[in-house]
Amino acid sequence: MKRTVLFSLAILGLFAAASCKDIIPEEGDGKSILDIVKDDYNAIVAKYPAAKDHLVEARFTLDNNIADVPASDLNLETLMTICYVFNDQKGYSDIFVNEHNFKTGESELSNYTADSPWLGDKMINEETLKKLSVTLEDALDKAKKEAGSGDGLNTRFVTLRWPLWPVWDNPQYVVGGSASRSDHVFVDSVTGKVSIEEGYVPEGSSQYFYIYDLSEIADTYDGKQRLGFQLDVKWSLVEVQYELSSAVNASKVSDLEPEKATYIYYVAADDNHPAYNIRVKRNSFKVGTDLVFFDEVATTPWTGGDYIDFTQDYLGVEDVIPVVKFGNVTDTDTNLITLCVPKGSDAPVYIFKGNKVPSVTVVALTGEILQ
């Protein structure tokens, strides 16, 4: 069973963060962020010798979006260094973590287990780690100069990792954000080369259907006038409920996938129509399957969460499942996930509502686990 502490997992370069020129506190003693990554890795190995040669990610969190300010004005808030060892005989992963908070100057070492193999990254052994020469500060500066005009830098997160795909000769600084953004920015940690890979939303993914289905639903009620008159539902989405293939605590990451989705709308009354409750169901995540519509006049106001801004670039269900599976939290005993905006909050979240175990809430824009 996992303790509740960690936040966000980066499986497709979703997370990481960056820092800049003069953001190292006194403890840095003139060191670069890359030097501190190496120090934090050594601290992990000193306490947990099994972690040696098993570094998989160093995640950096900045105080501002990289795209919004000059590289020299970005400040590093946190660094999370992660090592991973899979036990073939026992069928679980050991996760070793050093959480470094540059606001407080504190570091915390921890070790917990996960029931899934780590996907998406090659391990960075010590020989390779010693060869890394491009600092995070330099990587940010290069990225700003060469990738500043696209959407690939619209994030506070960067991760030093060695992706299995695309294939790279060296570990990369991977700029985080949603998989559906247009540009994916990589900076080579040895050569400094900046690569911009064109992004896409995989056909059949939850993000693909989210975009497609919301457009189809809006057109059905407005353009096609399903109720006999135009009903603009675009800004009336209040929840998206996903049903997975099994409970989160019953399967490994590779076996968990969304199978069904229900989009819930509450359309407030106006001079032309009464209030409506609308539920639209997707009973299969296979391309070509149709939506099923249910709508009725609402007899009571909606008392759940606030409306979801469908124009935002949320992480997909496939992205947040690994956050929970590899995060330092107890895997929920449910196959249901809800995307919503809780009352009193402006942050859209995915809620994994547990039955007999604690629920887990993940911020839909950043992948952070709320504690």
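# Close-up views of a predicted model

**View 1. A lysine meets a tryptophan.** The charged end of Lys122 sits over the ring of Trp162, 4.0 Å from the ring centre. A charge counts as sitting over a ring if NZ of Lys or CZ of Arg is within 6 Å of the ring centre and within 35 degrees of the ring normal. A word on the model before we go on: it is predicted, so local features need pLDDT of at least 70 and side-chain atom pairs count only at pLDDT 80 or more, while totals for chains, interfaces and linings use all residues. Residues are numbered from 1 along each chain as its sequence is written, and side-chain values use heavy atoms, with hydrogens and water left out.

**View 2. The sheet that runs from E4 to E8.** Here 8 strands make an open sheet in the order E4-E3-E2-E1-E5-E6-E7-E8, with antiparallel pairing. Strands (E, at least two residues) and helices (H or I, at least four) are DSSP runs, numbered from the N terminus, and two strands pair if DSSP finds at least two bridges between them. At the edges are E4 (106-114) and E8 (194-198), each pairing on one side only. From one strand to the next, the twist averages 20°. For a closer look, follow E2 and E3 (residues 92-101), antiparallel strands joined by 10 bridges; Thr81 stands opposite Asn98 in E3.

View 3. H1 lies across E1, E2, E3, E4, E5 and E6, and runs at about 40° to E2. Axes are lines fitted to C-alpha atoms, for helices over the stretch in contact, and angles run from 0 to 180 degrees between N-to-C directions; contact means heavy atoms within 4.5 Å. The largest nonpolar core has 44 residues, and those with the most contacts inside it are Phe60, Ile66, Leu140 and Tyr173. Such a core is a set of buried Ala, Val, Leu, Ile, Met, Phe, Trp, Tyr and Cys residues joined through side-chain atoms within 4.5 Å. Among the elements that give two or more residues to this core are helix H1 (33-47), strand E1 (55-62) and helix H3 (136-147). H1 gives the most, with 7 residues. A second, separate core of 42 residues includes Ile278, Val280, Ile308 and Val360.

**View 4. Strand E11 between its neighbours.** Another open sheet of 8 strands has the order E12-E11-E10-E9-E13-E14-E15-E16, with antiparallel pairing. Its edge strands are E12 and E16 (369-370), each pairing on one side only. E11 pairs with E10 (residues 258-267) in the antiparallel sense over 7 bridges, and 7 bridges also join E11 to E12 (residues 291-297), again antiparallel. Lys281 is a handy landmark: it is the bridge partner of Thr262 and stands opposite Val292 in E12. In a regular strand the side chains alternate between the two faces of the sheet. E11 (residues 276-282) has a covered face with Tyr276, Ile278, Val280 and Arg282, and an uncovered one with Asn277, Arg279 and Lys281.

**View 5. Helix H5 across the sheet.** H5 (residues 317-326) lies across E9, E10, E13 (336-340), E14 (349-352), E15 (360-363) and E16, running at about 55° to E14. This helix is mostly covered, with 9 of its 10 residues buried. Buried means under 20% relative accessible area, exposed over 50%, and partly exposed in between (1.4 Å probe, protein chains only). The buried residues of H5 include Val317, Asp319, Lys325 and Phe326.

**View 6. An aromatic cluster around Phe209.** Ring pairs link Tyr208, Phe209, Tyr212, Tyr242 and Phe285 into a cluster. Rings of Phe, Tyr and Trp (its six-membered ring) pair if their centres lie within 6.5 Å; planes under 30 degrees apart count as stacked, over 60 as edge-to-face and the rest as tilted. The whole structure has 12 aromatic pairs. One of them joins Tyr208 and Phe209 edge-to-face, at 5.2 Å centre to centre with 85° between the planes. Tyr208 is partly exposed, at 23% relative accessible area, whereas Phe209 is buried at 2%. The ring centres of Phe209 and Phe285 are 5.3 Å apart and their planes are at 85°, so this pair is edge-to-face. The pair links distant parts of the chain, 76 residues apart: Phe209 is in helix H4 (residues 206-221) and Phe285 in the loop between E11 and E12.

**View 7. Ser284 in its loop.** Ser284 is in the loop between E11 and E12. With a relative accessible area of 18%, Ser284 is buried. Leaving aside residues up to four places away in sequence, Ser284 touches Glu259 and Thr289.
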